[in-house]
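User: Please go through the contacts and salt bridges of the structure below, one point at a time.

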Amino acid sequence: MTVSRHPSSTEGLYDPRNEHDSCGIGFVVDIKNRKSHRPVGQGLEILANLSHRGAVGADPLAGDGAGILTQLPDGFLRAECARFGLTLPAAGDYAVGMIFLPRDPRCRAEGEAALERAIAAEGQTFLGWRDVPTDNSCLGHSVRPTEPIIRQAFIQRSPDCPAGDDFERKLFVIRKQTHHAIWSCELPGRQQFYVASLSARTVVYKGMVLAKNIGIYYPDLCDPRFESALALVHQRFSTNTFPSWSLAHPFRYLCHNGEINTLRGNINWMLARRHNMKSDRLGVDLDKLWPLIGDGASDSATFDNALELLLAGGYSLPHAMMLMVPEAWSDNPLMDPKRRAFYEYHAALMEPWDGPAAIAFTDGRQIGATLDRNGLRPARYLVTDDDQVIMASEMGVLTVPEDKIVKKWRLQPGKMLLIDLEQGRIIDDDEIKDQLASAYPYQAWLDATQIHLKDLPAEIGPMAPDASTLLRRQQAFGYTQEDVRTFLTPMAVNGEDPIGSMGRDIPLAVLSSRSKLLYDYFKQKFAQVTNPPIDPIREELVMSLVSFVGPRPNLLDLGSGGTHKRLEIKRPILDNIDLERIRRIEYHVDKAFRTYTLSICYPVERGAEGMARALEDLCREAADVVRHGNNIIVLSDRSMDADHIAIPALLATAAVHHHLIRAGLRTEVGLVVETGEAKRVHDFCLLAGFGAEAINPYLAFDTLSSMLPGLAQKMSETEAHEHYTKAISKGILKVMSKMGISTYQSYCGAQIFEAIGLAGEFIDHYFTGTQGVVEGVELPEIAQETVRRHQLAFGDAPLYRHALDVGGELAFRIRGEEHAWTPETIALLQHAVRSGDYQQFKQYSRAMNDQRDRLRNLRGLFEFRFTSEPLSLEDVEPASEIVKRMATGAMSFGSISWEAHTTLALAMNRLGAKSNTGEGGEDPARYKPLENGDSIRSAIKQVASGRFGVTTEYLVNADALQIKMAQGAKPGEGGQLPGHKVNDWIARVRHSTPGVGLISPPPHHDIYSIEDLAQLIFDLKNANPQAAISVKLVSEIGVGTVAAGVAKAHADHVTISGDDGGTGASPLTSIQNAGSPWEIGLAETHQTLVRNHLRGRIAVQVDGGLRTGRDVVIGALLGADEFGFGTAALIAAGCVMMRKCHLNTCPVGVATQDPELRKRFPGQPAHVINFFTFLVDEVRELMAQLGFRTFDEMIGRADRLDMRRAIHHWKARGLDFTRLLTMPLTPADVATFHCEEQDHGLATALDHRLIAQAQPALESGQSVQIETVVRNTDRTVGAMLSGQVARRYGHPGLPDDTIHIALQGTAGQSFGAFLARGVTLDLRGEANDYVGKGISGGRIVIAPDPTSHLRAESNIIVGNTVLYGAVAGECYFRGVAGERFAVRNSGALAVVEGTGDHGCEYMTGGVVVVLGRTGRNFAAGMSGGIAYVLDETGDFALRANKAMVALEVLNDPEETLKTRISPDEWDNLARAVLPEDMLRHDAHRLQILVARHYLYTGSEPARRVLENWHDLLPKFVKIMPTDYRRALQDMQAKARAARLDEKAGLAVGA
Amino acid sequence: MGKPTGFLEIARHEHGYAPIAERITHFRDFVAPLAEPAVREQASRCMDCGIPYCHRGCPVHNIIPDWNDLVYRGNWREALEVLHSTNNFPEFTGRICPAPCEASCTLNFNDSPVTIKDIECAIIDRGWAEGWVQPQIAAHRTGKRVAVIGSGPAGLACAQQLARAGHAVVVFEKSDSIGGLLRYGIPDFKLETRFIDRRLAQMRAEGVEFRPNSDVGVDIPARALLVEFDAVVLAGGAEKPRDLNAPGRELRGIHFAMDFLSQQNRRVAGQKITAAEILANGKDVVVIGGGDTGSDCVGTSIRQSARSVTQLEIMPKPPVHENKLLTWPNWPLKLRTSSSHEEGCERDWAVATKQFLGQDGQVQSIQIVRLEWRASNGRQTMVEVPGSEFEIKADLVLLAMGFVHPIHEGMLQDLGVTLDSRGNVAASTDDYQTSVNKIFTAGDMRRGQSLVVWAIREGRQCARAVDEYLMGSSELPV
């Protein structure tokens, strides 16, 4: 589907390209291929039970789409067709097309005719049409107008076309031809034409129908004659609700839960292959398939398109899936070499389609599912004793008697489940892959063709030039003193991407009066909500920087490998020697490669005007040299000199890349960039994102060489270069992982950027497919900037004779970049709030707002349209009301001092406004009001990815709970609080160990998609039903659609953060280059919500760089209800923008924990109160001038803003805010501000019953016993009850087991979330994902149903991400857990019988016992707590991540280790108190926990361990974090010293 | 950059002075600079602020954090390069500037500021000592001629910048030596003339032509310059002193401070004093006016062996410690005690002169009344305290109450440039152009009396404006 098919694609900032979806998937299959109606009925039942994974928009009957794919129900169709006189040929000899036809009769007739024509043209026979009966009474009112006419077309196979694959191929060609014909006609409604399926094997029924209604809408599906051996179903949760029938799943071969992050690149690369692709099987038909992929279709639809091509080209289904979604193969020591060779060989054929994905696929003969390399979507399955396999996103979606189940398992990262119906059996991952990996001699092929760059003979690289030539080159390529000092120096010294703090307050490149590099016009995109970012450090095993340089093999050439040479490089940054190797490769590798160096410089006399011509020439020349047989192009600016200007390397690269794509030549050549311009991480990312397969930053190397004598640390030139390369590589990994992309190959060309301030035409021409919304400069201005730098370099300006430009982007400097926060603005603000002088505050805001001379932000170009009849100030809503809309930003106690944190909280509470805890918990002492009535409790409690201090008590003491998806200064990144900052106090509040560093993961591990977010919102709402649930997002293109999804996920509140928000510590790359201004994100959010009729349900807050009353009013006019102030409020409280937060040396006691420095904190609550009071006064004055009596009526009135054209600004004059200032046209009754309530669906929660029955316990602490059954639709069991416990009894809760709840069945997600102490959940059955999330002292026991015949320890019992953010409590799981068991556990005890990958990740406390096999990457980022793993196979060490832990033997005295405990003592042992000293007593602790596990679950492995203590104890491995041990030892030493002091003191006293 | 914890580990340590008893016996510089390691240690206290308030607090925008860091690392030569990129004459400001940069230093908010001025002085002194200060002779000559009138700090800075841009510059000075206020207005014990001379040597090498004894508007018709030159810069200072019109003003022994100070400088330079000598030896000296010039009069009087020195100020005594919450990073009003004050003088505040009393036409005492300052409508008004009159002895009265505006007679009137409401030559800081084409103005003549450092800033900015005016664009830094 194309963009143009969308009826309303051009309005404002809405762009259908930004839609995301994610969902529930499932299938049922009869392994033996016995066709019956049963699987169809079961498929429909699964859909009904997955409803909570979908979303409904403003219209309760309008779901986001659902569907079912089955085998062709031959008997049913035969009978139906007979009714109108059509006799079908034998099964297999006819195909059925499921066609959505336009309602417009002319267009519909044209569609039908087009299909019939295509059938005839391809030599097949059209048999007739069948009207598919539908019942649209179940359609929502918003969907009905979009409902297509649905007909089935019947096609007979011609005798000369063999049945089976050949016929399917023909049908594929027919479908493509039909689509091309109808979509290119001019008739209205043509976009509605869509072929849902066209096959002799399968048929798809789908639509914009609620999942549970699909059987009602299509009565066919409920007909008992409708028989199939399989049913593949899907329920969609899309961020948007513009009804789209075609985007409902399943597609022709698959349905998908997740997100393809690299879509843009994948589309480009598919396009680029056109000319180099040939297929024996398709022959001339191949050409008829183009355009292969409709631009603007969803990621899943696009994926399906590519898959179809591979299948048509002759790949088998599993082969194609392995090609598109490969496992992480590159550094896996556990992988079979043959399989690795298979993946390595295929890596050069196609770049991975990267992103979180659970994909279920079928061609009617095989059905299966696969999971992305990181296992980021859940997929569980079971096998029954009557040969059914049922797979779904979660368990419990079909009621299957436990005694009929023979296997319960889950899909594992990168693994595949395949059922071959023709063979009538399940083929497991190893078998399929071994078979495919052995089909051809891949290793031999690789050996024959693979060339590693490092294996080529070393060449001699050029040496660095003399100082003055170097300086001129640096100047021409835009080097500043800051680049050298702040970027290159730390990179050379530490090999790390440098860190900074506070936000970006400099102008966008387009607003700057300085000449900026083209890189500055692009902002990095990042994952939020719809897909997770990755942790490139702790989850390094999935990351890869491998790049292939040179021509790519023919994608559809199966089986003739071993001829096409490939050049592999380990990382895309080339040193000078590497580049020379590539340049001279022709002479070393048998003429397989020919490298051509193409200069991107042109004569200086052609000036800025000459750049367009130069680019044209360059592109033409590039295509020519490819046609002449060169297959590596080095784009080089080395020949830049006084007489030659270099085209910006990024521009040249993107222009050539896209030109070659358009010419269909791109995959025939490798693109290497040799440039003096790239120096910061962001630069390299852009070059990569726009097609560079490798980059040589020669000038950065030269600069490093020249710096060596001045560096404090002495190092060799090679070392410095290597450090720099390492830092850049790490930086690229980080930027990739922000978007959830794990391989460079997929990132390359993926264009994961948005442009700000570049004209649309310019983007379309050179950066095709990149998004941008405010227009801006074109080539002449970009060229002008380059020419200015060149003139400066080769001119005679005294300032630059011996020195680089100052830069001034990171710290204010004269002659440097403009900043919003200057000595003047800060002094004016601080003096005003301290003296209470409103006039001085007005001076401050004038200084901030007045941008006539110096533009700083987009809103600087806004102008109010005041009314001619202003109101008097008394008529405007009182300040006391408006101030309630204000909040301070999220800043943790830890990042800022106690003094600063409580000053803000107290002030906001006095005002009736809100402060925010930030990520780091809150000291419970703050929950109680102070004696004078003041309160220092923060109304907003943040829930971030680290979940530090998120106890049930914390949750119930909130007015609002904010889920931090991203932070403006570092979206898509985690955080790290180094151990030295974790003092006793902070450790206590965060429930961690003093002195041990704390890591916040980049993603929330319980949010990999939008429906996961809905689940967390539901969890939090359960824990505290009174709190508004907020989701914090960062502005980027597409944030509006994400916000719409958030609204549909039932959030009460969404925050849109601008990219200039502050931070305590972030990589400078992120602070400077990620995210977009809030003006854009807010406008897009508001417009999208209003257009979706969702705006009333959700409050919109904006933050990130708000500073004055004018900012607030502009925010309101663009659509914000509420406003957050971080930096400005902090400055009012005394911050002086030292930007030293990350060094703990804040000289004003704000961002430091140093007790001496904290004494210097100058802030008073009154200062903060004055700030907000003044701010609101200003807002009211503006409201009066605008004629708004109430704040609500002002919200979203973008028509009251005008754009002041920056006609005198050489760059900003091209800006155009039309799309920003668009007001969506909606009926009058559609809310445009927050005025409605969300329905959280709490009314039906099981907990209401539990709470009622637990009253005696809640009220008087009496023990209660409760029994109940539980289903997968009962989610978050126990959280609401625990909220009640925590409200009454705080974190200490009730005595253990006071409320004992025995449950039976399959529990829904988040079972036992935030379970408070005193509550026990004892489940017989199984549970899904997120068991024990944030558990705060309760106990969870899960064992299989007593009727089950399974060997529990070989089957799965709980899903993924169990015990995430657990604070305290204990859990016993009689079976195997999924991925990320006990991730970020900070105190819970748990016993389990096996885990998936990433067990105990980021754990900081507690004890985990694994009585079985773990997955890979165990203990990654684990900084505290202890794990004991029973390693009977002796290979655990291969699966552990040893970066932060030591693997040891248990350390008790001999007796404990050897003592045999007789079975009658086990009960006593289980009741024993756990030893406290975590440095000792391992075996004893283990004994107790294993005994408890046995006592509660009857575990067989536990019994075996206890019985064979002697033999099995030595097989336990203890996983001990090294920092944790050091911290515990320090604490003990301190305690000992204190005791000795005390003794000494006593002695003296005596 | 810098040493992140330097400010926590090292205390502020300023340069010292020679003992009072010794230094008042001569008119030479008496500062005892810190040794090199100590200066570097002091530089390490700089915190490399995210917003360096000093950088804006300094009128010439010295890039203080950068050269502090370079000094800390011992990279003196590069530090000098950075320092010179904003300031033509750091050896002057490093000695006589009141250092608003230090007032705005972040450490001044709740600690003691970095010794910025000392470090500046150390950098330039070392630069001269090492021979790093060389003339920067323009590579290309423009063929344009510019006249700069006045050779004080504004005129000199302007002339030097213009010469470096390749223009032919002629500096006109009415006095017999080049240097203006620097040479004759500031006592040698604060700024020895040798420092001025070596700069002039550099400027001569850069092509600047100096014409002393050329009083434009008197010796040379002002308009004639407009014919001879492509641009004219007026940098004649604000030389009209504020007078005190009290009864008895006509008595002998009452002088303007500048007349007193310049005589002493000539004496030190070994020049002949043509007018009647003004000397303080053995006298009871009263200095009226509490500013820097007044302070210079105190130090000079003491060195001339006055019997007593008293300094009077009309404004109330400022607080010893300012309220930093409300003043930092701005220049605060607070009690300032100079090295001259330490050498022995009485100071009194909130007093006004009722009349000068004398005998035989020679002043003998002053009648003084105490004042009360009241705030009304945000303005301070003064009221005499009834019955508070008293007398103090005064053989020599020095009027150091500042300057009102440039001298209008002569050059300015001849040229016909428009004046602003305060009597200064009107021009904006965007282009420094007066109302008359080709004529520019900078320094005190434009902004009214001010600091040397402000004069340097204006001179530099004006030079850029002139260069732009002459050439269409300018590469001169500001």
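User: How many residue pairs are in polar contact between domain 1 of chain B and domain 2 of chain B?

Analyst: This is a predicted model, in which local features need pLDDT of at least 70 and side-chain atom pairs count only at pLDDT 80 or more, while totals for chains, interfaces and linings use all residues. Residues are numbered from 1 along each chain as its sequence is written, chains are lettered from A and ligands numbered from 1 in the order in which they are written, and side-chain values use heavy atoms, with hydrogens and water left out. A polar contact is a pair of N or O atoms within 3.5 Å; within protein, one must be able to donate a hydrogen and the other to accept it, and residues adjacent in sequence count only if both atoms are side-chain atoms. With both residues at pLDDT 80 or more, the count between domain 1 of chain B and domain 2 of chain B is 12 residue pairs.

User: Which helix gives the largest share of the side of domain 1 of chain B that touches domain 2 of chain B?

Analyst: Helices (H or I, at least four residues) and strands (E, at least two) are DSSP runs, numbered from the N terminus. Helix H7 (90-96) and helix H10 (116-130) of chain B each supply at least two residues of that side of domain 1 of chain B. The largest share, 6 residues, comes from H7(B).

User: What area is buried between domain 1 of chain B and domain 2 of chain B?

Analyst: The domain assignment, automatic or from a database, gives domain 1 as 6-130 and domain 2 as 145-239 + 404-471 in chain B. Buried area is the accessible area (1.4 Å probe) that two parts lose on being put together, summed over both. Carbon and sulfur atoms give 67% of the area buried between domain 1 of chain B and domain 2 of chain B, which is about 2,300 Å².

User: Which side chains meet in the salt bridge of B:Arg199?

Analyst: A salt bridge is a side-chain nitrogen of Lys or Arg within 4 Å of a carboxyl oxygen of Asp or Glu. Between domain 1 of chain B and domain 2 of chain B the count is 1 salt bridge. At 2.5 Å, N to O, the side chains that meet are those of B:Arg199 and B:Glu91.

User: How far apart in sequence are the parts that A:Arg571 and A:Glu722 tie together?

Analyst: A:Arg571 forms a salt bridge with A:Glu722, with the closest N and O atoms 2.7 Å apart. A:Arg571 lies in the loop between strand E21 (566-569) and helix H15 (576-583) of chain A and A:Glu722 in helix H20 (residues 717-738) of chain A, so the parts tied together are apart in sequence by 151 residues.

User: Is A:Arg680, the partner of A:Glu809 in a salt bridge, buried or exposed?

Analyst: The N to O distance between the side chains of A:Glu809 and A:Arg680 is 3.5 Å. Buried means under 20% relative accessible area, exposed over 50%, partly exposed in between (1.4 Å probe, protein chains only). A:Glu809 has a relative accessible area of 14% and is buried. At 12%, A:Arg680 is buried.

User: What does the pair B:Arg56 and A:Glu824 join?

Analyst: The side chains of B:Arg56 and A:Glu824 meet in a salt bridge at 2.5 Å, N to O. B:Arg56 is partly exposed, with a relative accessible area of 29%, and A:Glu824 is partly exposed at 33%. B:Arg56 lies in helix H4 (residues 53-57) of chain B and A:Glu824 in helix H24 of chain A, so the pair joins two chains.
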